[in-house]
Amino acid sequence: MQSISRRIFLNLAITTVITTSVAYGWIYWQAHSTEIAVRQRALLDQAKIMASYLALDERGEPTHNLPPTLVEAYRSTTGYHRYAVRDQAGKVLFGSVPPAAPLAFPSQLTQMAYDYDPDGPGPLHVYGASVRSDFGGRLLFTQVEQDAHDALYLTTAVNEEFLTDGGWLQAPFLFAWLGVSMLAVRRALAPINRVSRVAENIDPATPDTRLPADNVPTEVVPLVNAINRALDRLEHGLMRQREFNADAAHQLRTPLAVLSANIQAMQDKTVPAKLAYDVELMSRMVHQLLLFARLETWPRPREEGVDLMDIATDVANNLAPLALASGKHLEIVNGIGPVCVQSNAEALRAALSNLVENAIAHTPSATTVSIRLTQEPAIEVTDCGPGVPTEQRDRIFERFWKGDRNGKGAGLGLAIVKHIMTALQGSVSISDSPSGGAAFTLRFPPCPKQT
């Protein structure tokens with residue numbers, strides 16, 4: 001997935017390269033056009049100078065008295081610069097050696113510039129100009145020509161001057177421009193990054209938090225407003241669910257408590273014992289259902305320094321009567337002293353209680369459920385029951401899943417443990433215990449060391 005800043009930067013880079021290429025192409029075309037115009041004007045000026053030395057003698061014949069310096073200039077070019085003076089029939093009257101090439105052109109033109117390829121597709125190209133002079137009705141045409149080999153000096157001079165005077169700065173300037181553009185893009189996207197950081201911290205503990213729209217680009221404001229409206233609806237639904245959980249806890253627990261009290265008041269103790277067991281089982285199922293519903297909207301638990309030994313002791317003291325009533329034993333194995341983790345005591349107590357209750361329910365009578373602490377840090381709960389088959393271990397933490405279809409309970413206890421450990425940034429796993437039963441292990445991130 002490509003970031004917005006990278007997309008903008010790539011599009012900006014492509015646009016800049018294309019714009020620069022077009023600009024350089026336009027500059028090159030303008031330079032080429034200017035070069036042609038300058039060459040034509042220079043050749044026309046030369047032809048006019050050469051024509052200015054034409055005159056008629058006393059017999060009416062044309063003469064061409066060039067200054068010696070001008071004659072020497074054309075002689076020293078060894079053919080690169082040529083001139084010729086022709087009459088209206090095209091006959092060369094005066095000229096250099098070799099003279100300019102013969103041309104057919106309309107006699108009504110007073111001046112013209114031309115070019116041609118004397119060697120066809122070869123490298124040689126000739127540029128020329130011609131001016132017309134009228135001597136009492138007698139037309140004379142003065143031509144000057146220049147080979148492209150000599151004309152290239154103008155292009156070379158222009159290019160060298162351009163590169164020398166600053167053309168070489170274009171590449172560094174382009175990279176600097178792209179760097180500044182990248183910084184500008186990142187600065188423009190900073191409000192969006194701030195919005196994303198706020199969004200990452202929104203959870204059930206802060207349902208009233210909304211995304212800030214201050215300084216956000218106009219194009220993104222509708223999205224931010226739409227998300228905030230969605231958060232309003234989610235907050236409303238979350239509040240209603242929490243209210244339902246609180247009402248359900250009161251409406252369900254109160255009748256069960258009253259029913260339990262009435263059963264205990266019955267004279268016949270045989271029937272009440274069975275009813276009391278069913279009521280206790282129903283109360284436990286209701287408690288798990290309400291706890292799991294609360295966990296679905298549970299905010300991220302507030303972490304604090306917790307001693308696992310204290311948690312294990314509290315859970316063992318609370319569930320010891322349940323174990324003894326069913327003829328089973330409960331022990332804590334710890335030879336390492338305090339085990340500190342960064343966790344939430346209330347949530348951890350609920351998870352460990354569910355594991356120990358599950359172990360007590362599956363271990364046979366006269367056997368022991370062990371709570372063992374390790375320095376990993378971890379808590380391991382083992383029993384002497386039938387264990388969990390390997391093929392069922394991937395599903396045992398799913399909601400409402402029970403390996404034993406005829407077993408008691410709603411199949412929520414281990415799902416609650418999984419949910420709590422995930423929220424605590426820990427994990428829960430299952431393996432075989434040395435006694436042949438199941439071994440459930442809760443693992444935690446270590447507590448930061450005090451400095």
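User: I'm new here. Is Leu 54 buried or exposed?

Analyst: Leu 54 is buried, since its relative accessible area of 7% falls under the 20% cut-off. Keep in mind that this is a predicted model. Leu 54 sits in strand β1, residues 54-56.

User: Which residues does Leu 54 touch, leaving out those up to four places away in sequence?

Analyst: Its partners include Thr 63, His 64, Val 85, Phe 94 and Phe 135. As for distances, Leu 54 and Leu 66 are twelve residues apart in sequence and 8.6 Å apart in space, C-alpha to C-alpha.

User: Now the helices, please. At what angle do the axes of α8 and α9 cross?

Analyst: The general idea first: a packed pair of helices is described by the angle and the distance between the two axes. Here, α8 (residues 345-362) and α9 (residues 413-423) cross at roughly 150°, with axes coming within 9 Å. The two helices are therefore roughly antiparallel, and their crossing is left-handed.

User: What kinds of residues make up the contact of α8 with α9?

Analyst: Eight are nonpolar, three are polar and none is charged. Among them are Ala 347 and Leu 355 in α8, and Ile 416 and Val 417 in α9.

User: How many aromatic pairs are there?

Analyst: Three. One of them, Tyr 114 with Tyr 116, is stacked, with 6.4 Å centre to centre and 15° between the planes. Phe 397 and Phe 440 are edge-to-face, because their planes stand at 90°, with ring centres 6.3 Å apart. That pair links distant parts of the chain, 43 residues apart. Phe 397 is buried at 15% relative accessible area, and Phe 440 is buried at 3%.

Definitions and conventions:
Residues are numbered from 1 along each chain as its sequence is written. This is a predicted model: local features need pLDDT of at least 70, side-chain atom pairs count only at pLDDT 80 or more; totals for chains, interfaces and linings use all residues. Side-chain values use heavy atoms; hydrogens and water are left out. Axes are lines fitted to C-alpha atoms, for helices over the stretch in contact, and angles run from 0 to 180 degrees between N-to-C directions. Helices (H or I, at least four residues) and strands (E, at least two) are DSSP runs, numbered from the N terminus. Angles under 35 degrees count as roughly parallel, over 145 as roughly antiparallel, 65 to 115 as roughly perpendicular and the rest as oblique. A crossing is left-handed if the near helix is turned anticlockwise from the far one by less than a right angle, and right-handed if clockwise. Contact means heavy atoms within 4.5 Å. Ala, Val, Leu, Ile, Met, Phe, Trp, Tyr, Cys and Pro count as nonpolar, Asp, Glu, Lys and Arg as charged, and the others, Gly among them, as polar. Buried means under 20% relative accessible area, exposed over 50%, partly exposed in between (1.4 Å probe, protein chains only). Rings of Phe, Tyr and Trp (its six-membered ring) pair if their centres lie within 6.5 Å; planes under 30 degrees apart count as stacked, over 60 as edge-to-face and the rest as tilted.
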